[in-house]
Amino acid sequence: MRADRTLRALGVAALVGMVATTWLGLFVTPNAVGFADGTVRLLYIHPPLAWVMFIAYGMATLSSLLYLWPRTRHRRFDRLAGASAEVGVIFTGLTLVTGSIWGRTTWGVWWAWDPLLTTTALLFVLYLGYLAIRNVPGDPETVARRSAIAGLVAFLDVPIVFFAVSWWRSLHQGPTIDLATRHSYVHGSMAWTLLLGFVSFTLTYVWLMAHRYRLAALKDREDDQGLEAALAERWAEAVR
Amino acid sequence: MSGYIEAGYVIALGSLGSYALSLLRRERAARRGLPHPPRRAGTVPGSPAARDEPAEQP
């Protein structure tokens, strides 16, 4: 009950944050010099979407490791990995779409074989494959172990995507906030709106992941009960 | 603005909203599909016995 209330409050906070980010991003913040036709306004959703993508895959990998580690092996970590990866795939898809729109307005093309774009597209495909592996039928423990290993393999591309803007000078602009030097290229209302975007999208991720986890737990319970019912039926047939 | 930016916002927020609603709908359907926990024999829902409360003495 308390968890329900907390989750509902989190959902409301995420929704309010999203509405505020949209309003500030589209109508309040100024247009930046050097950006055509207000395209800079995508700044408030595109980097936060990419940020959540990294958090989601990080969480999926951590959960996969915890599942593979014999001392911490528990079904809940498998569920957590699956839930986080699924939400991560949604955010990766949206990162690619918003990035493509930004590319069309800035570079004049929807897509370019730029290192960052290419490795992000590869990441999307890798995690789609991971979700497909999760759906391959089999013994739950085997499926979970197989998925955890696939999750670790897919994660190998994450650091490449994360550092791509620093490693390669390409079409894509450099980071808006340089974590190494702690230098931000945006200030004032733009910086606050961007920060709000990061917070709102992170809250949205937590809310979505929690609900996806609960759905997976319910599905597991349903499967267990179905198995128990089938066993009881077979037992009754054998006794008859 | 050219319309591309607004389209980006609509696609991103619309997709997240649709996914959120689908999760809620699926969760509700999954809860409905599960059998309720077994009730103690001889109890009526809402009665003191069902709520594990001591019955009133006559």
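How far does helix H1 (residues 2-28) of chain A reach from its first C-alpha to its last? H1(A) has 27 residues and reaches 37 Å, close to the 39 Å expected at 1.5 Å a residue; the expected span is 1.5 Å times one less than the number of residues. Helices here (H or I, at least four residues) and strands (E, at least two) are DSSP runs, numbered from the N terminus.

This is a predicted model, in which local features need pLDDT of at least 70 and side-chain atom pairs count only at pLDDT 80 or more, while totals for chains, interfaces and linings use all residues. Residues are numbered from 1 along each chain as its sequence is written, and chains are lettered from A and ligands numbered from 1 in the order in which they are written. The scores for the model are ipTM 0.86 and pTM 0.84. For chain B, pLDDT (the predictor's confidence in each residue, from 0 to 100) averages 74, and 55% of the residues score at least 70. Over residues 46-53 of chain B, pLDDT stays under 50, and the model has eleven contacts beyond four places in sequence for that stretch; two residues are in contact if their C-beta atoms, placed from the backbone, lie within 7 Å. Where pLDDT is low, the predicted coordinates should not be read in detail.

Chain A holds seven helices and two strands, running along the sequence as α-α-α-α-α-α-β-β-α. Its C-alpha trace spans about 80 × 40 × 30 Å along the principal axes. Of the contacts in chain A between residues at least 6 apart in sequence, 79% join residues at least 24 apart. Buried residues make up 36% of the 240 residues in chain A, and 10% of the 58 residues in chain B. A residue is buried if 20 or more other C-beta atoms, placed from the backbone, lie within 10 Å of its own, exposed if 12 or fewer, and partly exposed in between. Chain B has one helix and zero strands.

Back to H1(A): its buried residues are A:Ala14, A:Met18, A:Thr21, A:Thr22 and A:Gly25. Their cover includes helix H7 (188-239) of chain A together with helix H1 (4-33) of chain B. A:Gly11 is also found in H1(A), and A:Gly11 counts as partly exposed because it has 19 C-beta neighbours inside 10 Å. The C-alpha atoms of A:Gly11 and A:Leu203 are separated by 7.6 Å, although the two residues lie 192 residues apart along the chain.

The axes of H3(A) and H7(A) come within 8 Å and cross at roughly 130°, which makes H3(A) oblique to H7(A). Axes are lines fitted to C-alpha atoms, for helices over the stretch in contact, and angles run from 0 to 180 degrees between N-to-C directions. Angles under 35 degrees count as roughly parallel, over 145 as roughly antiparallel, 65 to 115 as roughly perpendicular and the rest as oblique. The crossing of H3(A) past H7(A) is right-handed; that label applies if the near helix is turned clockwise from the far one by less than a right angle, and left-handed if anticlockwise. Among the residues that meet here are A:Arg75, A:Arg79 and A:Leu80 in H3(A), and A:Tyr205, A:Leu208 and A:Met209 in H7(A).

H3(A) and H4(A) pack at an angle of about 150°, with their axes 10 Å apart, so H3(A) is roughly antiparallel to H4(A). This time H3(A) passes H4(A) in a left-handed crossing. A:Phe124 sits in helix H4 (residues 115-134) of chain A and is partly exposed, with 19 other C-beta atoms within 10 Å. Beyond four places in sequence, A:Phe124 is in contact with A:Val89, A:Thr92, A:Gly93 and A:Leu96.

The contact between the chains takes 28 residues from chain A and 23 residues from chain B. On the side of chain A that touches chain B, the elements giving two or more residues are H1, H3 and H7 of chain A, and H7(A) gives the most, with eleven residues.
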